[in-house]
Amino acid sequence: MRPPDSILVIVTRRIGDVLLATPLIRSLRLAWPAAAIDALVFTGTEGVLAANPDLRRVIAVSENAKEPSHLRTLFSLARRYDLAVSTLPGDRPTFTAWLAGRRRVGLLLKGPEHFWKRLLLSRWAPFDESDTHTVLMNLALSDLLGIRRHTDVVVSWSPADEQRAERLLPGIRTGSYALLHLYPKYRYKMWRREGWRDISRWLSGRGLQIVLTGGGDSEELAYAEEILREMPSGTVNLSGKLTLGEVGFLISRARVYAGPDTAVTHMAAALGVPTVALYGPTNPVKWGPWPRGHGGASNPYPRRGSRKVNNVTLLQGPGDCVPCHGEGCENNIESYSDCLLRLPASQVIEALQEALDDGSDRHA
């Protein structure tokens, strides 16, 4: 195909989905360095792309399709791009690709009920909901376009992000701290409070300062403040104080990182930091943190069982039902997952020990 002058990448979903689209965006940039590449995302997720060097701009649209601003934004994109790329198989992103691009490629579910969406796309690839990692699923679109795959997830920040992070944590460049992200967006991905207390005390005994990150929601801030009382002396709580760019820089200097199934855990994995990821009901084949340097066309993790791949140790909670792909044992986002509650701190400490030993010379 003729090299496009302008490209729109549509990733209207959660922060993790946006982050895991960056290998595709980097593939487009390397294939067509002169093209102007924009990304369309939902409002509230744009921060993970704010300093991305492969993009001309990030367009944020309200998730609520009934808001007037949503329709205004979409129709302002009409036929503005040589190429529109949809990473999602839904009706709205497929329609948006048709609206915005003179050529359109996307992912679609199989089945006759989706036939009409195929008519809107120039080319499409079948969307696999369970057996293909999200990074690889997105990169199927690069295959459609006949361009070379770039497999590393891209995490970026600005000089201003570095400066502000250094003011909040003056010793950041020494790398003598462990970074813990305690609170996932949904309760069914949460680990036990006692577990965080136990591993923080063990890490402190290894001579590492404990640094906590988290979002700014009131419930998350309250959780961090409560658990801070049980943490070792000198623990720094940066929950609600950092942008995603600042979090990226903070992670990049850490000796080790531990966290549940969150976008921040994906960032740590992408940055090559020794990472311990705590997983329960989530399918790791589809959503495991993509390790730095994991290339090729293979999924990093099996569906069942813990595994270490490059810089990432994925620990899966116990139970014959794991991963159930559900939202907690009561099948709602406010319920807890027994598999995660039963994951012992001793297993996490063992993984942290190995991670620290493997990455002992990171800041030498």
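The legends below describe close-up views of a predicted model.

**View 1. Helix α8 crosses helix α14 at roughly 35°.** Two packed helices are described by the angle between their axes and the distance between the axes. Here the axes of α8 (residues 193–205) and α14 (residues 345–358) come within 9 Å. The crossing of α8 past α14 is right-handed. On the α8 side the contact is made by G195, D198, I199, W202 and L203, and these residues meet A345, V348, I349, L352, Q353 and L356 of α14. Sorted by class, this contact comprises 8 nonpolar, 2 polar and 1 charged residues.

**View 2. The buried residues of helix α8 line one face of the helix.** Buried in α8 are G195, W196, I199, S200 and L203. After α8 comes G207, with a positive phi near 90°.

**View 3. Helix α2 is mostly covered.** Of the 10 residues in α2 (residues 22–31), 8 are buried. The buried residues are T22, P23, L24, I25, R26, S27, L28 and R29. Their cover includes the strands β1 (6–10), β2 (36–42) and β4 (81–86). It also includes the helices α1 (15–19) and α6 (134–145).

**View 4. Helix α4 packs through its buried residues against strands and helices.** In α4 (residues 91–100), the buried residues are P93, T94, T96, A97, L99 and A100. The strands they pack against are β1, β2, β4 and β5 (101–108). The helices they pack against are α3 and α5 (115–118).

**View 5. H70 is a buried residue of the model.** H70 belongs to helix α3 (residues 68–76). Its relative accessible area is 4%, which is under the 20% cut-off, so H70 counts as buried. With neighbours within four places in sequence left aside, the contacts of H70 are V61, S62, N64, A65 and R92.

**View 6. A51 contacts residues S156, W157 and S158.** A51 sits in the loop between β2 and β3 (57–61). This residue is partly exposed, and its relative accessible area is 28%. The contacts shown leave aside neighbours of A51 within four places in sequence. From A51 to S158 there are 107 residues in sequence, while their C-alpha atoms are 5.9 Å apart in space.

View 7. Most residues other than glycine have a negative phi. N310 is partly exposed, with a relative accessible area of 43%. G293 is located in the loop between α12 (284–287) and β12. G293 and N310 are separated by 17 residues in sequence and by 7.4 Å in space, C-alpha to C-alpha.

**View 8. The loop between β13 and α13 holds P323 and H325.** This loop runs between β13 (312–316) and α13 (338–341). Most peptide bonds are trans. The peptide bond from V322 to P323 is cis, and its omega is near -10°. H325, a residue other than glycine, has a positive phi near 65°. H325 is partly exposed, with a relative accessible area of 45%.

Technical notes
Residues are numbered from 1 along each chain as its sequence is written. This is a predicted model: local features need pLDDT of at least 70, side-chain atom pairs count only at pLDDT 80 or more; totals for chains, interfaces and linings use all residues. Side-chain values use heavy atoms; hydrogens and water are left out. Axes are lines fitted to C-alpha atoms, for helices over the stretch in contact, and angles run from 0 to 180 degrees between N-to-C directions. Helices (H or I, at least four residues) and strands (E, at least two) are DSSP runs, numbered from the N terminus. A crossing is left-handed if the near helix is turned anticlockwise from the far one by less than a right angle, and right-handed if clockwise. Contact means heavy atoms within 4.5 Å. Ala, Val, Leu, Ile, Met, Phe, Trp, Tyr, Cys and Pro count as nonpolar, Asp, Glu, Lys and Arg as charged, and the others, Gly among them, as polar. Buried means under 20% relative accessible area, exposed over 50%, partly exposed in between (1.4 Å probe, protein chains only). The arc is that of the directions from the helix axis to the C-beta atoms.
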